[in-house]
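Subject: The structure I promised you

Hi there,

Here is the structure we talked about, so please open it beside this email.

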Amino acid sequence: MFIKEYLTDIYKGTKSLLTGMKRTGYYFVRPREIITEQYPDNRETLVMAERFRGEVVMPHDANNEHACTGCTACELACPNATIKIITKFDITPEGKKKKALDTFVYHLELCTMCGLCVEACPTAAIKMGQNFEHSVYDRSQLTKKLNNPGSKIREGVE
Amino acid sequence: MFSLEGITKSLQDWLYLNFNPTWALVIECLIVIVLAIALFAFLGLVLVLMERKVAAHMQIRLGPNRVGPKGMFQTAADTLKLIMKEGLTPDGADKFLFNLAPFVVMIVAMLILAPIAFAKGFQIWDINIGVLYVSAISSLSVIGILMAGWASNNKYSLLGAMRSGAQIVSYELSAGISILCIVVLSGSLSINEIIASQQNGWWLFKGHIPVIIAFVIFMIAVTAETNRAPFDLAEAESELTAGFHTEYSGMKFALFFLAEYINIFIVCAIGATLFLGGWMPFHIGNWQDFNHIMDYIPSSIWFFGKTFFLIFLIMWFRWTFPRLRVDQLLNLEWKYLLPISLFNLLLVTVIAIFGWHF
Amino acid sequence: MYTETQIIKDTTQFSSNGHEGELVINVGPQHPATHGVLHLVITLNGETIKKVEPHLGYIHRSIEKMCESLTYRQFIYVTSRMDYLSAHMNNHACAMTVEKGLQIEVPPRAQYIRVIMDELTRIASHELWWGAMAMDLGAFTPFFYAFRERETINDIMEETCGARLTMNYMVPGGVMADIHPLFQQKVKDFIKLFKSKIDEYDELVTGNIIFQNRMKGVGLLSKEDAISYGCSGPVARGSGVSCDIRKLYPYEVYDKVAFDEVLENEGDSFARYMVRVREMHQSIRIIEQLIDNIPEGDFQAKTKAVLKLPKGEFYTRVETARGELGVYIVSEGGTTPYRIKFRSPGFSNLSALDHMARGSKIGDLMAMMGTLDLVIPDIDR
């Protein structure tokens, strides 16, 4: 009885070990199952998801115009003081003073990519970009100015 | 194909022709030393790369593939890095023993190389008790490990070394008894004669089930003896960081690392010699034509092919199984492997006495 | 340098306490076995553990204090950084607390999406745990197999939520964006893939004799102890304590779906292991019931731009991958919480470690830590 139990133990144990080895052996002889992504080499074919949050960008159209009114909703929504909006006063053709965006300062080094600023923006002036390769040699390069030089607000955006 | 057969013979003849016997011996020794060190360095590079590639493919990865074609120079680059690194000796360590330990482990690994037949007639020392010599010397490596663990003045190292001591000493038994099975069957302790006795078939096939059991036990025991997973308790990284070589860095660490792989190579070479016929080609009884074709493949290819197959087997174990616990490790040896191998030895002896093997 | 005095000092330290033969070793904060910066001071007698003392605080970022200066919309994203493996559930708990305070009715579509996301995150978390625990026991290969499936979930998350780990997808009143058009198809593909691969897990780990010997009868935690240590989640359920918040206090659509609360009564490491493996199957079952039935409608309720919780105290709890997460908000009526407190599952689960580990071997301690599924940022916050 004891001998029988002893031998069953050995048989079961060996069988379970061989099952495991069969599984690893299965993958060893099937190189097609390899899932490694050779990242810097596959840059050309690498497609990031459309919603991927890599950084905040401000799209400009062909006339170098953006949709930011300088309302600072994003600045208020940001949990980490990543965004700083500097406004100026434009004189409209009617001679009125109007608040407008001077500089959209974006501190990438503070950003956690939570997307709350994009949610808060009433005019969809900013969105999340897909670029994720942010490494630079100097920290000051991470402080970015999002509006292009000489850009102005698009006609009709209030 | 390049063959190592007979090279030693012609070299010796040439040396004795041109020098007096003393100088010939000295030159021979020098050649052996250079060859042994070269083999060690080369094996270290190849086996580490092989391990990484085998592991990678089992883990659905690619493995090293940046340095050189298919990552072939990766280990060479790693070695270069290790040579450049500072070899630290921790405060409070026993400096002499600490620095001695890696060399002890390495020298022990080198000593076992002597009686191994790499090809037909290519052997450093054809000693008539080769198998006994190998078993005796291989148990010395535990001294180096204990030395390293004690001298490091580190609790992890000490625990690792103590585990390793218990482990190597107990698994020596069943490995020795498995070796004894073949000694009983072939009736000789000389490596050359054991190989010659497999002229008409390897012992694994000739010796019925008892030899297969002996082979399995031998593989398990040597895996444990070389401190490889699933028996890598001495360096269990999730428990003891790196076990006995936690405090070693730079080239001293590399020596431990190298010794581990050399030990694997040696035990697999012994396994291939005893159970798979060493350099002996694959022969089937009286099939003269088939045996002739097999003889065309150089004996060194046979030897290295078999050895690397066994090394692959050991790597396969490592990348599949979880680690045992220290008490389970000893249970496995004393409750399972040892009784089975003792009983097995009895069976083999009966087979040998009645000549029931093929 | 090696000096006589040092040795003498050390020996006096050992003998003066009357603890001769004891060995005190530090596991962590930098150690391959502790996933993160957990520091365990272990008192050993040979290989046998006499005492385990967890030291915390290495990754304390004062998230609770930080949340007090953030508005009710902003503080949700920080909680992703607590238990980063169940980020969705953390966000979910916070969003639910705010909704409770503001009496916001979450649209059914958002509820369905939230639950699917929670369950996907639970599977991802359990996958990672499975691989990491096998690695604690010395088997490296399962880790990569687990990550292969987990990667699929991460890709689904990335496509819909915009991030792989710290999604910040929940907002008070619903979810941040509607699901991606391909979401349903991809989740169904994942379920198919997962079902075809789950057998490998059993082949490689569950059935393995070495693994079973390492797990069975090790790290026993009785039902009474599990309750008294305040354990929750799979740790408590492995001891037979019925504590699934999804079943006991259903939130969102958990009362509409059929699933079993996984219970094992042994209370050892293997029971906790089996609870998690079986929970993955239950999560798949929940997703299968919901994925085709996501109702049409808004994904977010209309909320005011500035959220102000009425004066009072609000508490909600959800079942994260590790157990019961409670969010307790005290509001003074302003835009930011007056005080916020998280009842994290990892902390109370860790407190049972000393009780479980006494008398077992060092190797077992790693197995126990594996089955407790500790995420250190969750314990420290």
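Let's begin with one residue: is Tyr106(A) buried or exposed? Tyr106(A) is buried, because 26 other C-beta atoms lie within 10 Å. (A residue is called buried if 20 or more other C-beta atoms lie within 10 Å of its own, exposed if 12 or fewer, and partly exposed in between, with C-beta atoms placed from the backbone.)

Before going further, please keep in mind that this is a predicted model, where local features need pLDDT of at least 70, side-chain atom pairs count only at pLDDT 80 or more, and totals for chains, interfaces and linings use all residues. Residues are numbered from 1 along each chain as its sequence is written, while chains are lettered from A and ligands numbered from 1 in the order in which they are written.

**Around Tyr106(A)**

You will find Tyr106(A) in strand 4 (residues 97-107) of chain A. Helices (H or I, at least four residues) and strands (E, at least two) are DSSP runs, numbered from the N terminus. Leaving aside neighbours within four places in sequence, Tyr106(A) is in contact with Val56(A), Thr82(A), Ile83(A), Lys144(A) and Leu146(A); contact means that the C-beta atoms, placed from the backbone, lie within 7 Å. Leu142(A) is 36 residues from Tyr106(A) in sequence, and their C-alpha atoms are 8.2 Å apart in space.

**Where chain A meets chain C**

This contact takes 22 residues from chain A and 20 residues from chain C. On the chain A side, helix 1 (2-28) and helix 3 (116-120) each supply at least two residues. Helix 1 of chain A gives the largest share, eight residues.

**Chain B**

Chain B has 15 helices and two strands. Its radius of gyration is 21 Å, close to the 21 Å that the globule rule gives for 358 residues, so chain B is as compact as a globular protein of that length. (The radius is taken over C-alpha atoms, and the rule is 2.2 Å times the number of residues to the power 0.38.) Along its principal axes the C-alpha trace of chain B spans about 65 × 55 × 45 Å, and 47% of the 358 residues count as buried.

UniProt, in an unreviewed entry, annotates several stretches of chain B as "transmembrane region", including residues 96-118 and 296-316. UniProt positions are given in the numbering used here, feature names are shortened, and annotations may be inferred rather than shown by experiment. In the model, residues 296-316 of chain B are 86% helix and 0% strand, with end C-alpha atoms 30 Å apart.

**The nonpolar core**

The largest nonpolar core has 234 residues, and Cys117(A), Phe265(B) and Leu353(C) are among those with the most contacts inside it. Such a core is a set of buried Ala, Val, Leu, Ile, Met, Phe, Trp, Tyr and Cys residues joined through C-beta atoms within 7 Å. Helix 12 (residues 250-275) of chain B contributes the largest share of this core, 17 residues.

**Strands in chain C**

In chain C, strand 1 (residues 23-27) and strand 2 run antiparallel, joined by five bridges; two strands pair if DSSP finds at least two bridges between them. Val27(C) stands opposite Leu40(C) in strand 2 of chain C. Strand 2 of chain C also pairs with strand 3 (residues 48-55) of chain C, in the antiparallel sense over seven bridges.

Enjoy exploring!

Terms used. Contact = placed C-beta atoms within 7 Å.
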